[in-house]
Amino acid sequence: MSLNYVEFTPGFDRWMPKEYRDMVHHGPFGKKTSVSQVGTFKEILEEHPMCAGCAMTLFIRLAMIAFPNPEDTITVGTAGCGRLAISQAAIPFVYGNYGDQNGVASGLTRGLKLRFGDKPKDVVVMAGDGGMADIGFAQTLHSWFRKEKFTTIMLDNEVYGNTGGQESGMTNKGQVLKMAPVGKKFEKMDMLGMAKVAGCAYVATVVPNNPRRVESVIKKAVLIAREVGPTYIQAYTSCNIEYAIPTDKVMEDAKDVENDRYKFSEYLSDDARQCLGELYGYKEYLPKPEKTLAKS
Amino acid sequence: MSDALESEVKTNPQGDPITAAPAPPSAQSGKKDPHAEAKRQKVVTPEYMFHEAPREKEFITGSEAAKEAVRRSNVDLSIAYPITPQSETMQLIGVLYGEGYVKEYYRGEEEYGVMSAIAGGSRAGVRCFTATAGPGTLRGLEPIASWPGHRLPAVCMFTCRVVNAPLAIQPDNIEMAYLLHCGMIIFHAENQQDLFDYIMMAFIISEKNDVTLPVGVCCDGFFVTHARGYCSMQDKGLKLPEREAWRGAVPVLDAENPPARLSRDAPVQKSNFMAYNIHAVWQQEVWAAVERSRKYIDQYMDGLIETQNVDEADVLLIASGSAAAQCREAVRECTAKGIKAGLIKIKSLRPFPTKELRQLCSKAKLIVVPEFNYVGWLAKEVATAIYGYSNAKIVGGPHVYGGMSMPVEMIVDEVICGLSGKRSSTVPSSAIMGQVDPDAVAHFMQNI
C-alpha cells in the first residue's frame, strides 16, 4: 500500500497545498527517476535552510534522486548540518540523539523486516563525519560487524560544521580549526578501511561534482544493503563556510580534493557482485563466460 | 540455525547443564520444531489475561518472573546487553527467542546502542523490550530520556543497583531519581509477582492511543531479581494481542504513512529551527499523556497505590519497591506494640499518586519514608505532594544504600522516635519535616 499513502483521498485533491499536489502528481514516487531528468519532476528535497554554495546539500539532493524506491525509504540521521536539509525532504526521517543513527537504524531495519518481510523497506543513514566517526563510532562499527542490512552514508565535510567549525576525527592532520588551535595532531581516520574490515558488502568514495557517479553508488549501495548486508559510502561534501571556500569555487575545490585524497573508489564483495548481477540486471557483475571452455 | 542450537545439550564452561535452557530434544523427537509451543500460543484480551485467566503459583526468581512475563507478552524485538544484576533476565529472554516466543533478539554493543536500537524498533511499529541496571541505565539515559518525546511505546526493566563511585554491584535505587524526570511512566515492583504483572501490564498501558509512552518497570536488584518468591502466573499457552502499529499518538516510521506531513511538520524532527513554544507544548503533551495513563493503571493494576491498615492509622509508612516489603513487617511489629500504623505502597511513581496521598495522609500524625538510596527521592516526592494537605511530621528516612539491608527494627525505631520526639540515631534532624526547625527543613530540601 506504500504508493497509496501519497495519493489523496478522493475529493480532497483541490484543498491540498500546491506543493503537496505537485509531489503527488509530479513527484518521484513509484517512478524511476534519474539525475539526468532533473527539472522534469518534483524532487523529494527542494527547499532547505543550508548555506549558499553548500556541497553537502547538492549531494543530499542527488542521493535522494538516486534512491531506488523513495516511497519505501526511511532516512536516519543525527545532529549536524545534513539533517537540517534531510528533515525537509518528503520522505520520513528519524532524528534521534547524538550519534545514535546506526543504532536506531539497526532496530528500525529489524522491526520493518518483522512487519514487512521481503517487501523492500530501505533504511538509509546519512550523518556527518563527527556523528559517524566520533560520537557514533561504536554504533557505526558494530552495526557493520553485525551485518545490519542498511546503507550508511557519511557526509564528510572534515569539520563540525553545525556547531561552528571544530576539529573532527575526519579532519586532515595539521589543519587548524577550533579545538585544534595549533593544527590537528593525528591523521584523518580511515573509515573506508574499517568498513572493509568490519565486513561491509559495498564501500565507495565519491564527490558531488559527478552527479551520475553519485547516482550510481547510491543505487548500488541501497540495493546491496537490501539483499546482502551493510554498505558504506563516504562522500566529500565540503563546508565552504568553515574552510572559507568562495561559493563559486566549491565545485573546483571538490575536484581538487578528489584528485588529492578523495579519488573515486568502489569495493564490492563477491555476494554484492552476484546480487547486482543476478537480481538487478547489472550485466558487468555477471560472471564472465570462461573463454577456455568456449574454445574447446 | 535454531535447529542446530536446539539439538545440542547446553552447558556452562564448567560443564554443568544450563537448566534455564529448554531440555534437549530426545532422539525420537530430533526434528521437532523448537518453536512449536510458541506457535500454539493463543491470543487473549488484556482484560481476560489480567483479571480472569486461571493462574498457577510457582516459586521463582525475579529474572524468571520477567522471562515468564515476556513469554506471555507477544514481544517482537528484544535487545540484550549484560550488566549485573540484570544479565540473567536478558539471557532468559534469549532462551525465549530460541523457543520462538520473541521474534527478534540480539546482543547490542552497549547500552547507548541498545536504547537507540529500541527507539528504532519502536518507530518501526513492533513491540520492544529490554532491561538494564545502574551504570547501564545512566549510559543509556540520553536515548531513554528522549523516548517519551518521540512518543515511543516500549518497556524497559531496570534492576536497580549502585551507580556512583566507589562502584559496586549492590542494590541501591538511586538511578530512579534520574528516571523520574524523563517523561516516561515508572512502576516500582516490590517482589517477583509485581515484576511479572507490571511488565505485562506495562506493554498494554504503553501502547494505549492516548498514552503512547515508554514504561520503565523498576525493581531493586538482587532482592527481587536473584531471590525467589511465589508468583501466580497464567497458562504459558496464552499471550497478549500484538502491537497494532497504526495506533499511537504519532505515526510509526514505516513509509506507510503520509511522508511529507510527518517529515516536514513534526516538531520532534527539528531542533535548530524549533521555536521554544513547540518544545514547550510538546513536553506538556508528554506529561499530559503520563497523566492520562492513570485510568489504565487503575483499570489493570488496581490503582497507583496499595494500602494496608491505613484507616485510623496515626503512623503511615510510605514506601515503594523492596522498602515496601520491609514496611509490611514493620507495620506488623508496630501493631504488636500497640501503635496504629499502616502502609501505603506506591506502585506507580509516574504518574505519582498525589491525589491519593493527600486524601490518605490528611489525618496522619507521623509519616515515615524508608528508602534504599542516599538522596531520599521518594521523601521529597511525598513531601511535595502532601504539603498543605497534612500536618504530619515527615521522617525522610531511614536510608540504606550501597547494598545495605534495611532491618525492620530500623523502621520501627523511626516510628517510635517520631512519635516520642526522641532523637533518631539514623535520620538527621534536618531530614525530619514538619513540627521542626524550618531552617533544618530548608537545609534538607536543598540537599536531597
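Two strands count as paired here if DSSP finds at least two bridges between them. By that rule, strand S4 (residues 151-156) of chain A and strand S6 (residues 231-236) of chain A pair in the parallel sense, over six bridges. Met154(A) has Gln234(A) of S6(A) as its bridge partner. Please keep in mind that this is a predicted model.

## The sheet of chain A

S4(A) and S6(A) belong to an open sheet of seven strands with mixed pairing, whose order in chain A is S2-S1-S3-S4-S6-S5-S7. S2 and strand S7 (265-268) of chain A are the edge strands, and each of them pairs on one side only. From one strand to the next, the twist averages 15 degrees.

Helix H4 of chain A lies across S1, S2, strand S3 (122-128) and S4 of chain A, and runs at about 175 degrees to S3(A). H4(A) also meets helix H6 of chain A: their axes come within 7 Å and cross at roughly 35 degrees. On the H4(A) side the contact is made by Asn102(A), Gly103(A), Ala105(A) and Ser106(A), and on the H6(A) side by Gln139(A), Thr140(A) and Ser143(A). By class, the residues of this contact divide into one nonpolar, six polar and no charged.

## Where the chains meet

Across the interface, 40 residues of chain A are in contact with 38 residues of chain B. On the chain A side, the elements giving two or more residues are helix H1 (18-26), strand S1 (73-77), strand S2 (93-95), helix H4 (101-116) and helix H6 (137-145). H4(A) gives the most to this side, with eleven residues. The chain A residues that touch chain B divide into 21 nonpolar, twelve polar and seven charged.

## Chain B in outline

Chain B holds 18 helices and 17 strands. Of its 448 residues, 52% count as buried. Among contacts in chain B between residues at least 6 apart in sequence, 80% join residues at least 24 apart.

One part of chain B to look at is the right-handed β-α-β unit made by S3(B), helix H5 (residues 87-99) of chain B and S4(B). Its strands, S3 (residues 77-80) and S4 (residues 104-107) of chain B, run parallel and are joined by four bridges. Ser78(B) has Tyr105(B) in S4(B) as its bridge partner.

## The six-stranded sheet around S12(B)

Further along, chain B has an open sheet of six strands in the order S11-S13-S12-S15-S16-S17, with mixed pairing. Strand S11 (305-308) and strand S17 (432-433) of chain B are its edge strands, each pairing on one side only.

Is strand S12 (residues 315-319) of chain B enclosed or open? Five of its five residues are buried, so S12(B) is largely enclosed by the rest of the structure. Val315(B), Leu317(B) and Ala319(B) point one way from the strand, while Leu316(B) and Ile318(B) point the other way, and all are buried.

| Strands | Sense | Bridges | Partners |
|---|---|---|---|
| S12(B) and S13(B) | parallel | five | Leu316(B) and Gly342(B) |
| S16(B) and S17(B) | antiparallel | two | Val395(B) and Ile432(B) |

From S12(B) the chain crosses through helix H14 (residues 322-336) of chain B to S13(B), and this β-α-β crossover is right-handed. Helix H16 (residues 377-386) of chain B lies across S12, S15, S16 and S17, at about 165 degrees to S16(B). Helix H17 (residues 408-420) of chain B lies across S12, S13, S15 and S16, at about 155 degrees to S15(B).

## A helix with one buried face

Helix H13 (residues 294-301) of chain B has Ile297(B), Tyr300(B) and Met301(B) as its buried residues. Seen down the axis of H13(B), these residues fall within an arc of 85 degrees, so they line one face of the helix. The buried residues of H13(B) pack against helix H3 (46-52), helix H10 (192-206) and strand S14 (348-350) of chain B. After H13(B) comes Asp302(B), whose phi is positive, near 60 degrees.

Definitions and conventions:
Residues numbered from 1 in each chain as written. Chains lettered and ligands numbered in written order. Predicted model: local features only at pLDDT ≥ 70, side-chain atom pairs only at ≥ 80, totals over all residues. Right-handed = clockwise from strand over helix to strand, strands pointing away. Contact = placed C-beta atoms within 7 Å. Nonpolar A, V, L, I, M, F, W, Y, C, P; charged D, E, K, R; others polar. Axes fitted to C-alpha atoms, helices over the stretch in contact; angles between N-to-C directions. Buried ≥ 20, exposed ≤ 12 C-beta atoms within 10 Å, placed from the backbone. Arc of directions from axis to C-beta.
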